[in-house]
Amino acid sequence: MNQLDKELLEYLENVTEQEQEILKSDRPVLSYFTKDGSSAVVDSDVVMKPMTMIDIMKQPRFVSLPEHTHNYIELVYMCSGSTTHMINGTTEITITEDDLLFLPQGTSHSVSSAGFRDIAIRFVILPEFLQYPLSMLREDTVLRRFIQNAAEKKPSECDFLQFHIHDMPEAKNLLENMIRLLLHRRRNSRQVLQATMGVLLLALSERTYMITVGSPSSYEQQVVLEALNYIETNYKTATLAKFCESCHQPDYYISRLMKKYSPYTFSQYLQKRRLLQAAHLLTETKEPVENIITDVGYENSSHFHKLFRKTYSMTPKQYRRKYSQTDWPMFDSPHART
């Protein structure tokens, strides 16, 4: 399924006692989540179970949430439907099914009224919970810097990060597992949750080009993400010159931005993407190695073999033998095809 497990989604669609109370009462909506009835700071002591570092709550439906901040990191997962958020009073975004919205401490936002099938789960996360997941992230990406600042209680470079994971079933499975575990806690839940969060962040780090970044410098970061997306979708023919022409920017400017916001230069990321695709084709198809070299955008076979051996410490043929999940014959040249 593209969305949560049907049984879990039906459970989340049930109208909760809190939703019923909010609808019946004249009490301000935010007062259910703050220490002081007049406060606009949603407080972790109010919305989290005692002695926990991560918890979940379902976003109340049928009413809008006025502008507020929170003293924790919030991760909003849109399980179905959509909701509209106003970030820091200036940026309006709509998150739809299978979107993730990361909000750091202190970011101000309001949320539009949600309908019956607009199901959003809000992960309430204390900074200390993120220390272990952070240790699993090695590359200097936008996401890692966001998590590091959050874990260390430092001001964030971004007002928000929005991920689009509609084609990432592994990420959705991880989120579903976390939701189930938080609904039915057991012994060692915290360690399992931290490990699962770490794996989720690693998966998201591989899709950096699918982030929407909200920050004062978001234009520069979005240009970099567009460059990464361009490489992902055009890796066979991609060049820095072609991308610069498409975005009407000089190559020195794009090179400077890649160095500033990405762990890779344009050429390094292009090489990484081509080699990853080659490794995938080696293990998942019958294509001869020479065909694969051409398919991923290399014209010089010896150059490809040199790069592949440097990256994977083995030849393409050795890689195929070691990791192939199929039982077909190993084709080494176009002439070996039957």
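**Exercise 1. State the order of the six strands in the open sheet and how they pair.**

Solution. In this predicted model, local features need pLDDT of at least 70, side-chain atom pairs count only at pLDDT 80 or more, and totals for chains, interfaces and linings use all residues. Residues are numbered from 1 along each chain as its sequence is written, and side-chain values use heavy atoms, without hydrogens and water.
- Strands are DSSP runs (E, at least two residues), helices likewise (H or I, at least four), numbered from the N terminus.
- Two strands pair if DSSP finds at least two bridges between them.
- The order is 2-9-4-7-10-11, with antiparallel pairing.
- Strand 2 and strand 11 (211–214) are the edges; each has a single partner strand, so one side of each lacks a neighbour in the sheet.

**Exercise 2. Describe how strand 2 joins strand 9.**

Solution.
- Strand 9 covers residues 119–125.
- Five bridges link strand 2 to strand 9, running antiparallel.
- Isoleucine 54 has isoleucine 125 of strand 9 as its bridge partner.
- Helix 1 packs on the sheet and touches strand 2, strand 4 (73–80) and strand 9 (contact: heavy atoms within 4.5 Å).

**Exercise 3. Characterise the lining of the second largest pocket.**

Solution.
- A pocket is an open set of 1 Å grid points, over the protein atoms alone, where a 1.4 Å probe fits, with protein on both sides within 12 Å along at least five of seven lines; lining residues have an atom within 4 Å of a point.
- The lining has 17 residues; Thr16, Gln18, Ile56, Met57 and Lys58 lie nearest the centre.
- Strand 2 gives the most, three residues.

Note on methods
Axes fitted to C-alpha atoms, helices over the stretch in contact; angles between N-to-C directions.
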